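User: Please take a close look at one strand in this model. I would like its faces, its partners and its place in the core.

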Amino acid sequence: MKKKKFIKKAIYPGGINQLRKFIKDNLIYPKEALTHNIEGNVLLKYKVNSLGKTLDIHIINGIGYGCNKEAIRLIKILKYTKLLNRKLRVTTNKTITIKFRLPKKNNIEINYEIIK
């Protein structure tokens, strides 16, 4: 017999894959991190209120060079769906790891033709 959960937790619209896509599409790699060739993960903790807004964003483990500020900016613009929990206002605690990877440098291809 399956247990029914009394309280629904906040879930990003479209699930984890849409959340990953949102972060990938909106992440702006900080210039300071680019110039110092910094890569790494920023671990954040935040809350989602019953209206779907994020609040109380804290960095658990950061890497600096502007990456921490960028991770906080991304979490601030997240929008979750509103929760209706039997007319109770429920705040959900979340943790997320945002990965900062240096963009791969494009290999320049030169096409040429030798005419005799």
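Predicted model: local features only at pLDDT ≥ 70, side-chain atom pairs only at ≥ 80, totals over all residues.

Analyst: Residues are numbered from 1 along each chain as its sequence is written, and side-chain values use heavy atoms, with hydrogens and water left out.

The chain's mean pLDDT (the predictor's confidence in each residue, from 0 to 100) is 87. At least 70 is reached by 85% of the residues.

Strand β1 spans residues 40–48. Strands here are DSSP runs of E, at least two residues, and helices are runs of H or I, at least four, numbered from the N terminus. In a regular strand the side chains alternate between the two faces of the sheet. The covered face of β1 holds Gly40, Val42, Leu44, Tyr46 and Val48. Asn41, Leu43, Lys45 and Lys47 make up the uncovered face.

Now the partners. Strands pair if DSSP finds at least two bridges between them. β1 runs antiparallel to β3 (residues 92–100), with nine bridges. Lys45 faces Thr95 there. β2 is also antiparallel to β1, through five bridges. Val48 has Thr54 as its bridge partner in β2. Five residues separate β1 and β2 in a hairpin, and Gly52 in the turn has a positive phi of about 90°.

Last, the core. Leu44 and Tyr46 are among the residues with the most contacts inside the largest nonpolar core, which has 23 residues. Elements giving two or more residues to this core are α1 (16–26), β1, α3 (67–76) and β3. Ile75 touches Leu44 and Tyr46, among others (contact means heavy atoms within 4.5 Å).

Terms used:
Buried < 20%, exposed > 50% of the residue type's maximum accessible area, 1.4 Å probe, protein only. Core = buried A, V, L, I, M, F, W, Y, C linked by side-chain atoms within 4.5 Å. Lists of a residue's contacts leave out its neighbours within four places in sequence.
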